Amino acid sequence: MLPIASGAEVRAYLRRLIRAHPRMLALVVVLHVSAAVAGLVTPRLLGDLVEKTSAGTTTATVDRVALTITGVIVVVSVLVRYARLASARLGEQVLATLREEFVDRVLAVPPSTVERAGTGDLLTRASRDVEGTSSTVRFALPEVIVGVLQVLLTLGAVALLSPLLLLPALIAVPVLWSSSVWYFRRAPAGYLASSAAFAQLTDGLAETVEGARTVDVLRLRRRRVRRTQAHLRGVYGTNMYTLKLRTVFFPLTEFGYVLPGVVTLVAGGWYVMEGWATVGQVTAAVLYFVALIDPLDRVLSWFDQLQVGLASLARIVGVQSVPVPAADAPPAFTDERIVARGVRFSYVDGRDVLHGVDLEIRPGERLAVVGPSGAGKSTLGRLLAGIYTPGDGAVTVGGVPLADLPLASLRQHVALVTQEHHVFLGTVRDNLVLARPSASVAELRRALATVDALDWVDALPDGLDTVLGEPPLSPAQAQQLALARLVLADPHTLVLDEATSLIDPRAARHLERSLAGALEGRTVIAIAHRLFSAHDADRVAVVEDGRITELGSHDELVAAGGAYAALWRSWHGTDRQPTASP
Amino acid sequence: MKRLPLDDPGEPDSRTAGRYLLWVLRSQLPTILPGIALGIVWMVSQALVPAALGAGVDALTAHDRTALLGAGGALLGLGIITAISGIMRHRFAVTNFLGAGFRTVQVTARHATHLGATLPKKVAAGEVVSIGTTDFDHVGYSMDVSARTGGAVVAIIVVAVLLLDVSVPLGLVVVIGVPLLVGVVGLLIKPLHQRRRAQRELAGALTGRAADIVSGLRILRGVGGEDVVSARYRTESQQVRAAGVRVAKVETLLEGAQVLLPGLFVALVTWLGARFAVAGKITPGELVAFYAYAAFLVGPLRTLTEFAEKLTRGLVAAGRVITLLGVEPELRDPADPAAATAGDLADPGSGFVAGSGRFTAIAATRPEDAAAIADRIGLLDPASEALLLGVPLRTLKIDDVRSHIVVADNDDRLFRGRLGDELGARPAAVLAALDAAAALDIVAALPDGLDTEIAERGRDFSGGQQQRLRLARVLALDPPVLVLVEPTSAVDTHTEALIARNLPTVRTGRTTVVCTTSPLLLDRADTVAFVDVTGRVAASGTHRSLLDSCPAYAATVTREDDA
């Protein structure tokens, strides 16, 4: 798992982002305060009007007050508009910086961290959390801050009328406070559970559809329907829980909203009759308390969104604390020879996967690594490609440990090719230039030709500039693009980890030709699970139980009559000697 | 209220989108009617507040303590009624929302599984999934808003009557002015929706870009290109920001208008009211009441526009649902199905015959030919002419064929859930199957063994592990006829040798067909049918005899053409 930021870290991070735009921030504050203050004038004017009409006044006075009210309303609406626009600009700015810094950090995370953490967690952060954060930063955060500001200013306005009129409303504070505390302690977890239940439902539906053939063939219909049913029950259960919370919270807060106005009216009436306040003051105070409902309600209804959003934010900011190696100048090399000496490695302390492997790769050779699943072949491959650092011993290139090389320099030496292929959103060209941003069209075409992919790329509607995606490339074509990328990156050594294994055997043969093109002129370490690739190699290393048990050419190993020879014979299904030789 | 989801959602009326929504409405009537009733109480109790407020202000000016207390009591009572009816109404609304959505998901999921292998050919996965998300919401909201609209209509009528009763001209200003206001604000909503949609699309694309970067991160870190990708992301992120600001420009204009227009209207009402009050036509309390009525009416009128909007969306969603419900499966049960019996399985198209109880392999020069034969003898190809003991498969009930013949290929999926359940119902059979598929080590390495929850597509497993687990799943099912397409293409040679050794034993007495070019598997088959480039069986025999007698076969399985 990747780290999650603490509340203090999130606040510090947000403060830094917001303070990077001091002028925008100042504008936002000034506009919002002015809008809120101007908004408080109307109830006061209305109070005056009631006061004056009840005391008896002229039509001219009424006209004058009405005109003033109209003027104030125009000013308030203009202020509200620009205040909100200013905070939208600031919010969008902060949000853009937030996601851009996140992506830059993701792009700097060391390969070994990516390998270990898996992409699932990071994928959730990049999609769901970034989206969740955006409505929080854009809406929840400003709504809550502005709402609190309005509430405080409105209370201030009542106090300006008469501090005495503030007293009766205090009765609502315990009602609102205690119900809010009760609710917000439970709500975020409840809403998270409910959206998780919804996500399960959609994931389940997606599975049913994508696996439709399997469902049909294996007669899993009832099971899929039962599963949907179970997911719906999950959605129902979690929604009933949050509904229960609201059933307590909503009536209490609504009661809390009404209370100040009612109490102020009755108590105010008493004040008026005692001569402590005028009719106008009381009317204005009642109207203020009615006007208070809207900002108060906005604060409370955005608050759980804010809590949920802050949890997302913590996961995004958390990625910032993944240590990133500093880029050093590459050291000097003597040659391109990759050597492993006494290499040990463990994923879990005390459980070595490799027990002291020694291996010297000869420049330009083809080395096949074979052995049973779980023997440590892939781990060895990742160590030789510099993705993992040995726990003990060292893997060196030209005498320099791979672990000491900056990534940019490591890539010039060795690359790992796995069965994982990924076509990036964008055009064919976008996909290729990643490996060499300066590549010319001629170079791109040469790389495609090398992997036997130029024909189909030329057949695309816009050639190199065709946007990929619909219809999707076949896995074989995707793998060819990946190989063309490698040709452009041009490392002297390649580690192939079952590079073609998941490809449909129908396409695998064609792909092997592409692979041969990409391997041309490079040192190749092939982790093979099909013996025919081993048979073509210069040397074969047999890995069993974390050790290299046999090492030599195909013919030597067959002649030696060990584990490899036995397998070769059984694979061929004959005791005959193989007819083909490299 | 009944617990949801219901066991049986019922048979939908899927002739038109409108009929579908009506069907949902009728099915939900027992919770929709109380929802409407409570909605009326809720709205009317709010509509009466201005009257009580006005009475209070009048009592204030008249220094009438009793009347003041009465007005205060009325306000408090109305507040309590609003709060209680509000939450009750909300509870029914949630039930209606969920009930409608659940019903929609249930009939969709039921139909999707009914379509089986036809589904991916005719419907994009995204369409079904969107029924579980956006269409769920829109069908649900259309029910919820229908219940609320009832309350809004009654409240508007009540307020209109009260206003006209006090003062006809002032009442008319309010009754005509407020709908006008809502209409004007509604005009602004359209451009806002358009910009929001544009911004959402950009933001969605940006999220896609970020997900793309993360998915390809291992590759990026391997071959480079971080700067290029970062620059691309930054450009798109700035586009999203700019689009966000464009939305905000209209959005804040709307917010400003929502302050300005009702504000001006209230000012107008207040001005007229005050003049009436000065002329003695109404009391100061009634002036305050008018002010409050004008402010209140905006709410129920918005519900009416919301109703129009949500109903439209609900109809669009229902349209998508009935489109899916209208997709017919490619294969249908025959009217008069024949009885299935065990026996030889033949594919006249290629001349392939799988002997009953025997282990037959298909080695094809072009592997797609072998897969096509597998689809025909498994009745996955609707044009299949395959015969089971001389009886065409298409004359049998589909379920009989499926329970008799199982075709497993590499497009099959592992599903989320407990691994043990995923592999089969009988634990003993599951263990034996795992052993035969050389997959016991995979389970042994899991923290909770067979109780481990597996991720969707089994993506926590490597390609080879998934293939072995899928093999174990069909072996545990133990069907009379099992057709395996390239069952070991992703496993290493050692493991393949183990599986090849185990397969004939675990399938003893059952019919097994394996499409493969692996010598390890071919060597274990009773008979190998060699399918050449014509797509027809060119030679049959044991692996060894074919190696000697048929050079084209030898070339196919030892792959000398590529060496």
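Modeller: A residue is called buried when its relative accessible area is under 20%, exposed when that area is over 50%, and partly exposed in between (1.4 Å probe, protein chains only). The model is predicted, so that local features need a pLDDT of at least 70 and side-chain atom pairs count only at pLDDT 80 or more, while totals for chains, interfaces and linings use all residues. Residues are numbered from 1 along each chain as its sequence is written, chains are lettered from A and ligands numbered from 1 in the order in which they are written, and side-chain values use heavy atoms, with hydrogens and water left out.

Colleague: Are Arg539(A) and Glu365(A) buried or exposed?

Modeller: Arg539(A) and Glu365(A) form a salt bridge (a side-chain nitrogen of Lys or Arg within 4 Å of a carboxyl oxygen of Asp or Glu), and their closest N and O atoms are 2.7 Å apart. The partners are 174 residues apart in the chain, with Arg539(A) in strand E11 (residues 539-544) and Glu365(A) in the loop between strand E2 (351-361) and strand E3 (366-370). Helices (H or I, at least four residues) and strands (E, at least two) are here DSSP runs, numbered from the N terminus. As for accessibility, Arg539(A) and Glu365(A) are both buried.

Colleague: How many residues does chain B bring to its contact with chain A?

Modeller: Contact is understood as heavy atoms within 4.5 Å. Chain A takes part with 147 residues, and chain B with 155 residues.

Colleague: About how much area do chain A and chain B bury between them?

Modeller: The size of an interface is often given as the accessible area lost when the parts come together. Buried area is that loss (1.4 Å probe), summed over both parts. Carbon and sulfur atoms hold 65% of the area that chain A and chain B bury, the total being about 13800 Å².

Colleague: Which helix gives the most to the side of chain A that touches chain B?

Modeller: Across this interface the rule finds 15 salt bridges, one of them between the side chains of Arg213(A) and Asp409(B) at 3.2 Å, N to O. The rule also finds 39 residue pairs in polar contact, both residues at pLDDT 80 or more; a polar contact is a pair of N or O atoms within 3.5 Å, where within protein one must be able to donate a hydrogen and the other to accept it, and residues adjacent in sequence count only if both atoms are side-chain atoms. On the side of chain A that touches chain B, the element that gives the most, with 32 residues, is helix H9 (residues 221-274).

Colleague: With which residue does Asp104(A) form a salt bridge?

Modeller: Side chains of opposite charge can pair when their charged atoms come close. The closest N and O atoms are 2.3 Å apart in the bridge of Asp104(A) with Arg234(B), a pair that crosses from helix H4 (residues 59-108) of chain A to helix H9 (residues 226-278) of chain B. Asp104(A) counts as partly exposed because its relative accessible area is 26%.

Colleague: What is the relative accessible area of Arg148(B)?

Modeller: Arg148(B) forms a salt bridge with Glu306(B), the closest N and O atoms being 2.9 Å apart. The two stand 158 residues apart, Arg148(B) in helix H6 (residues 125-166) and Glu306(B) in helix H10 (residues 284-325) of chain B. Arg148(B) is buried because its relative accessible area is 14%.

Colleague: In which loop is Leu379(B) found?

Modeller: Leu379(B) is not a glycine, although its phi is positive, at about 55°. Leu379(B) counts as buried because its relative accessibility is 1%. Its place in chain B is the loop between helix H11 (367-377) and strand E4 (387-388).

Colleague: Which residue has its backbone oxygen 2.7 Å from a polar atom of the side chain of Lys377(A)?

Modeller: Lys377(A) is in helix H11 (residues 377-384) of chain A and counts as buried because its relative accessible area is 7%. Leaving aside neighbours within four places in sequence, its contacts include Val369(A), Ile527(A) and Asp492(B). The backbone oxygen at 2.7 Å belongs to Gly371(A).

Key: Buried area = accessible area lost by both parts, 1.4 Å probe.
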